[in-house]
Amino acid sequence: MDAPTLTDDNTPESPGELGGLNDILGLRIRLAHGAVYRHFTDTFIDLGLTQKQVSALWLVADHPGISQIELGGRLQMDRATTMTIVNRLQERAYVRRERSESDGRKQALYVTDAGLGALAEAKRCIGEHEGWLKARFTSTEIEKLVEMLARIHE
């Protein structure tokens, strides 16, 4: 059995202790993201969709005829990533592409009936995931956390 790690004052460190990294905000955000991502992945394992695929499917359902370019812009993804996601959703018959009526150079996206079914299941999984996450905070804390996180990504 390994000897416990000791702190500078020779007291044992707990296994989750980060030592000098405790105050690194970026690390705390990364660790939180990892925990949320792992839970999301576990929740969605049977559905076989990624976070980005679910987000894309949801946006297409909310905005029938949205272009691939606009979809990628709203999700802050590059063109190649957006195309890959749309291709995968199309392979599963969850979305279909049509030439845009307003601009023939653009692809308009629409959710299929199968896609609506998958989205309904995804929304159920999201509800379960959100419940798990929100259970860690009060409603006031959630409101404040959303506000603070928005300062980072907006």
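Visitor: How do you know that the span of H2 is close to what is expected for a helix?

Guide: In this predicted model, H2 has twelve residues and reaches 16 Å from its first C-alpha to its last, which is close to the 16 Å expected at 1.5 Å a residue.

Visitor: Why are H2 and H4 called roughly perpendicular to each other?

Guide: The axes of H2, residues 51-62, and H4, residues 79-91, come within 10 Å and cross at roughly 80°. Angles of 65 to 115 degrees count as roughly perpendicular, and H2 and H4 are therefore described in that way.

Visitor: Which residues make the contact between H2 and H4, and how do they divide by class?

Guide: On the side of H2 the contact is made by Lys52, Gln53, Ala56 and Leu57, and on the side of H4 by Thr81, Ile85, Arg88 and Leu89. By class, this contact of H2 with H4 has four nonpolar, two polar and two charged residues.

Visitor: Which residues of H2 are buried, and which residues have the most contacts inside the largest nonpolar core?

Guide: In H2 the buried residues are Gln53, Val54, Ala56, Leu57, Leu59 and Val60. The largest nonpolar core has 24 residues, and those with the most contacts inside it are Phe44, Leu57, Val60, Leu71 and Leu89. At least two residues of this core are supplied by each of H1, H2, H4, strand S3 and H5.

Visitor: What does Phe44 touch, not counting residues up to four places away in sequence?

Guide: With those residues set aside, Phe44 touches Leu49, Val54, Ala122, Cys125 and Ile126. Phe44 is also one of the buried residues of H1, together with Leu27, Gly34, His39, Phe40 and Thr43, and what covers the buried residues of H1 includes H2 and H5.

Visitor: Why is His129 called buried?

Guide: His129, which is found in helix H5, has a relative accessible area of 5%. Buried means under 20%, so His129 is counted as buried. Leaving aside its neighbours within four places in sequence, His129 is in contact with Val36, His39, Phe40 and Thr43.

Visitor: How do you know whether Gln76 counts as buried or exposed?

Guide: Gln76 lies in the loop between helix H3 and H4, and its relative accessibility is 67%. Exposed means over 50%, so Gln76 counts as exposed. Its phi is near 55°, a positive value in a residue other than glycine.

Visitor: What does Ala93 touch, not counting residues up to four places away in sequence?

Guide: Ala93 touches Thr112, Ala114 and Gly115. The C-alpha atoms of Ala93 and Asp113, which are 20 residues apart along the chain, are separated by 8.7 Å.

Key
Residues numbered from 1 in each chain as written. Predicted model: local features only at pLDDT ≥ 70, side-chain atom pairs only at ≥ 80, totals over all residues. Heavy atoms only, no water. Axes fitted to C-alpha atoms, helices over the stretch in contact; angles between N-to-C directions. Helix = DSSP H or I, 4+ residues; strand = E, 2+ residues; numbered from the N terminus. Parallel < 35°, antiparallel > 145°, perpendicular 65-115°, else oblique. Contact = heavy atoms within 4.5 Å. Nonpolar A, V, L, I, M, F, W, Y, C, P; charged D, E, K, R; others polar. Expected span 1.5 Å × (residues − 1). Buried < 20%, exposed > 50% of the residue type's maximum accessible area, 1.4 Å probe, protein only. Core = buried A, V, L, I, M, F, W, Y, C linked by side-chain atoms within 4.5 Å.
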